[in-house]
Amino acid sequence: MNTPAEDLTADTIVAFLASIFERRGSEEYLGEPVTMGEHMLQGATIAERNGQPDEIVVGALLHDIGHFTSEFGMFTMDDTEDRHHEDAGAEVLERFFPSVVTDCCRYHVAAKRYLCATKPSYFDRLSEASVHSLNLQGGPMSTQEVVEFEKNPNLKEIIAVRYLDEAGKIAGMETPDFWHFAPKVQRLVDAHLAQDNG
């Protein structure tokens, strides 16, 4: 389903996202031991198994969708500039999802910078690729950036998805496919648009 993003509707967004997983989910993920699709499905699966709310499950499922919707292509270990996949993904999601889901996408990179600044032990969790991208993304936040970031009303959810981002890199982990999560995705879309139209 190659519908241009601007032509998507509440009735087609879930199928559009599913098609991204089906067409491009097998692409390499920064040299990690999982593909891009496996990475996002693992985060969502871990969240679901831990009884996290739908917003966290779907946030984890879609946090890296900008790697696929970005015009700038995939991140590589040879990159010398950031590709801002988090903004590309959020732009697609923000029309259809509540701000908490969109923010989990838009700020998952900032959350890595935040955690590296506020919890030094978090840095030890990062893979080599995550450290490389951290350096391109500005390194740990400054004190002022931390203060500003903590004002986000969705901070707790953003941080939860960030931890799922790091967790979802397990070689050989079995997960359901995208369609397992599709009803949760559609429920959030429907609820958000009903609220907008209410």
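Analyst: R113 and E145 meet through their side chains in a salt bridge, at 3.0 Å from N to O. R113 belongs to helix α7 and E145 to helix α9 (residues 143-149), so the pair ties together parts 32 residues apart in sequence. Keep in mind that this is a predicted model.

User: What makes the contact between R113 and E145 a salt bridge?

Analyst: The cut-off is a side-chain nitrogen of Lys or Arg within 4 Å of a carboxyl oxygen of Asp or Glu. The N to O value for R113 and E145 is 3.0 Å, so the pair meets that definition. As background, side chains of opposite charge can pair when their charged atoms come close.

User: Is R113 buried or exposed, and how do you know?

Analyst: Buried means under 20% relative accessible area. R113 has 12%, so it counts as buried.

User: Which residue forms a salt bridge with D54?

Analyst: That's R187, with the closest N and O atoms 3.4 Å apart. This pair links distant parts of the chain, since D54 is in helix α3 and R187 is in helix α11, 133 residues apart. D54 has 22% relative accessibility, so it counts as partly exposed. R187 is partly exposed too, with 46%.

User: And why are R162 and D165 said to be about one helical turn apart?

Analyst: They are three residues apart in helix α10 (residues 155-167), which means about one helical turn separates them. In general, an α-helix has 3.6 residues a turn, so residues three or four places apart point the same way. R162 and D165 form a salt bridge as well, with closest N and O atoms 3.2 Å apart. R162 counts as buried because its relative accessibility is 3%, and D165 counts as buried at 3%. Through shared partners, salt bridges join E32, R162, D165, E166 and K169 into one network. A search of the whole structure finds 11 salt bridges.

User: How do you know that the length of α11 agrees with what a helix should span?

Analyst: Helix α11 has 20 residues (178-197), and at 1.5 Å a residue they should span 28 Å. Its end C-alpha atoms are 28 Å apart, so the two values agree. There is also a kink of about 25° in α11, centred on K184. At the N-terminal end, D177 caps the helix: one of its side-chain oxygens lies 3.1 Å from the backbone nitrogen of W179.

User: What do the buried residues of α11 pack against?

Analyst: They pack against α1 (13-24), α2 (36-49), α3 (54-62) and α6 (99-106). The buried residues include F178, F181 and V185. L61 is in contact with these three, and also with F21, M40, L41 and A44, leaving aside neighbours within four places in sequence. Both L61 and F178 are among the residues with the most contacts inside the largest nonpolar core, which has 60 residues.

User: How many helices and strands does the chain have?

Analyst: There are 11 helices and zero strands. Of the chain's 198 residues, 53% count as buried.

Key:
Residues are numbered from 1 along each chain as its sequence is written. This is a predicted model: local features need pLDDT of at least 70, side-chain atom pairs count only at pLDDT 80 or more; totals for chains, interfaces and linings use all residues. Side-chain values use heavy atoms; hydrogens and water are left out. Helices (H or I, at least four residues) and strands (E, at least two) are DSSP runs, numbered from the N terminus. The expected span of a helix is 1.5 Å times one less than its number of residues. The bend at a residue is the angle between axes fitted to the seven residues ending there and the seven starting there. Buried means under 20% relative accessible area, exposed over 50%, partly exposed in between (1.4 Å probe, protein chains only). Contact means heavy atoms within 4.5 Å. A polar contact is a pair of N or O atoms within 3.5 Å; within protein, one must be able to donate a hydrogen and the other to accept it, and residues adjacent in sequence count only if both atoms are side-chain atoms. A nonpolar core is a set of buried Ala, Val, Leu, Ile, Met, Phe, Trp, Tyr and Cys residues joined through side-chain atoms within 4.5 Å.
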